[in-house]
Amino acid sequence: MTIFDLINKKMKLSIISFFVLLLTPCLAYSQVFNSGARLNDGVLSLGFEPVFIDASGAGSAKFFIHGDLKLSENVSINGRIATINSTWYAGGFKWKLAKYIAFNTGFHKYQYAGADASIIAALPLGKGNHLYTGLDARMEFPTNDVLFPVLVPLGISVDIAEGIAIALEGEIPITYYASFIFGGGLIIFFK
């Protein structure tokens, strides 16, 4: 009997998927990393995402850990942290405005401290699967200046097992100070 015989199917799939994603050469990063349609999928969700940020042609790899904790039927609190070369962290709130629409607000600290806001709409593609897009805006505060990076996220979230989804997401810059972003990773929902 091996250790895998002792672990249930859901845990096996989670572990295998996590290591496959770590070994896959992904370009990634994400401010949003899942849609408003996901707010009711569990009380707690954890996401694991290798990342890449293309800032002015100089790429930067990161690995993000995302967390969402449902506070009520329509509100969750979230946080994320990233490492590799420098630390990136953020936190905020997500409000479900309609069945497939969410509004996010929060803060982040990477190169500069900043405030975040996004509105995300999801299009259901079948049971548990969603295509989503919206607008992701930030206000960053370097010394003696204010920057306004704005991006358009485009992503897909696909259930691969009960309580487990894979999300792939790109963010297209639409203002000068925004960077191209592409992300992909695993999300686990706990009820």
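Trainee: How many residues lie between β4 and β5 in their hairpin?
Mentor: Two residues lie between β4 and β5 in that hairpin. Please keep in mind that this is a predicted model.

Trainee: How many bridges join β4 to β5, and how do the strands run?
Mentor: Nine bridges join β4 to strand β5 (residues 101–109), and the two run antiparallel. As an example, K94 has N104 in β5 as its bridge partner.

Trainee: What about β3 and β4, how many bridges are there?
Mentor: Strand β3 (residues 75–83) and strand β4 (residues 88–98) are joined by eight bridges and run antiparallel. Within that pairing, A82 has W88 in β4 as its bridge partner.

Trainee: Which residue in the turn between β3 and β4 has a positive phi?
Mentor: That residue is I84, with a phi of about 100°. The hairpin formed by β3 and β4 has four residues between the strands.

Trainee: Let us step back. How many helices and strands does the protein have?
Mentor: The protein has two helices and ten strands. Along the sequence, the pattern is α-α-β-β-β-β-β-β-β-β-β-β.

Trainee: Where is confidence lowest, and where is it highest?
Mentor: Helix α2 (residues 9–23) has the lowest confidence, with a mean pLDDT of 46, and strand β8 (residues 150–161) has the highest, at 93. Over residues 15–31 the pLDDT is below 50, and this stretch has 50 contacts in the model beyond near neighbours in sequence. For the protein as a whole, the average pLDDT is 79, and 76% of the residues score at least 70.

Trainee: Back to β4, then. What does F93 touch?
Mentor: Not counting residues up to four places away in sequence, F93 touches L71, V75, S76, I77, N78, F103, N104 and T105. The C-alpha atoms of F93 and T105 are separated by 5.5 Å, although the two residues are twelve apart along the chain.

Trainee: Which residues form a cluster with F93 through ring pairs?
Mentor: W95 and F103 are linked with F93 into a cluster by ring pairs. The structure holds three aromatic pairs.

Trainee: Why is F93 classed as partly exposed?
Mentor: Its relative accessible area is 34%, and the class applies because that value falls between the 20% limit for buried and the 50% limit for exposed.

Trainee: Is D68 buried or exposed?
Mentor: D68 is buried, because its relative accessible area of 13% is under 20%. D68 belongs to strand β2 (residues 58–72).

Trainee: With which side chain does the side chain of D68 make a polar contact?
Mentor: The partner is the side chain of K94, at 3.4 Å. D68 also has its C-alpha 6.7 Å from that of G79, which is eleven residues away in sequence.

Trainee: What else is in contact with D68?
Mentor: L44 is, and beyond its neighbours within four places in sequence L44 is also in contact with L69, I188, F189 and F190. L44 is found in strand β1 (residues 44–55) and counts as partly exposed at 32% relative accessibility. L44 and K191 are 147 residues apart in sequence, yet 6.8 Å apart in space, C-alpha to C-alpha.

Trainee: Changing topic, which residues make up the largest nonpolar core?
Mentor: The seven residues are I120, A122, Y132, A165, A167, I187 and F189. β6 (113–124), β9 (164–173) and β10 (180–190) each supply at least two residues of this core. In soluble globular proteins, nonpolar side chains tend to be buried together.

Trainee: What share of the protein counts as buried?
Mentor: Of its 191 residues, 42% count as buried.

Trainee: Finally, where does N144 lie?
Mentor: N144 lies in the loop between β7 (130–140) and β8. N144 has a positive phi of about 60° although it is not a glycine. N144 counts as exposed because its relative accessibility of 81% is over 50%.

Note on methods:
Residues are numbered from 1 along each chain as its sequence is written. This is a predicted model: local features need pLDDT of at least 70, side-chain atom pairs count only at pLDDT 80 or more; totals for chains, interfaces and linings use all residues. Side-chain values use heavy atoms; hydrogens and water are left out. pLDDT is the predictor's confidence in each residue, from 0 to 100. Contact means heavy atoms within 4.5 Å. Buried means under 20% relative accessible area, exposed over 50%, partly exposed in between (1.4 Å probe, protein chains only). A polar contact is a pair of N or O atoms within 3.5 Å; within protein, one must be able to donate a hydrogen and the other to accept it, and residues adjacent in sequence count only if both atoms are side-chain atoms. Rings of Phe, Tyr and Trp (its six-membered ring) pair if their centres lie within 6.5 Å; planes under 30 degrees apart count as stacked, over 60 as edge-to-face and the rest as tilted. Two strands pair if DSSP finds at least two bridges between them. A nonpolar core is a set of buried Ala, Val, Leu, Ile, Met, Phe, Trp, Tyr and Cys residues joined through side-chain atoms within 4.5 Å.
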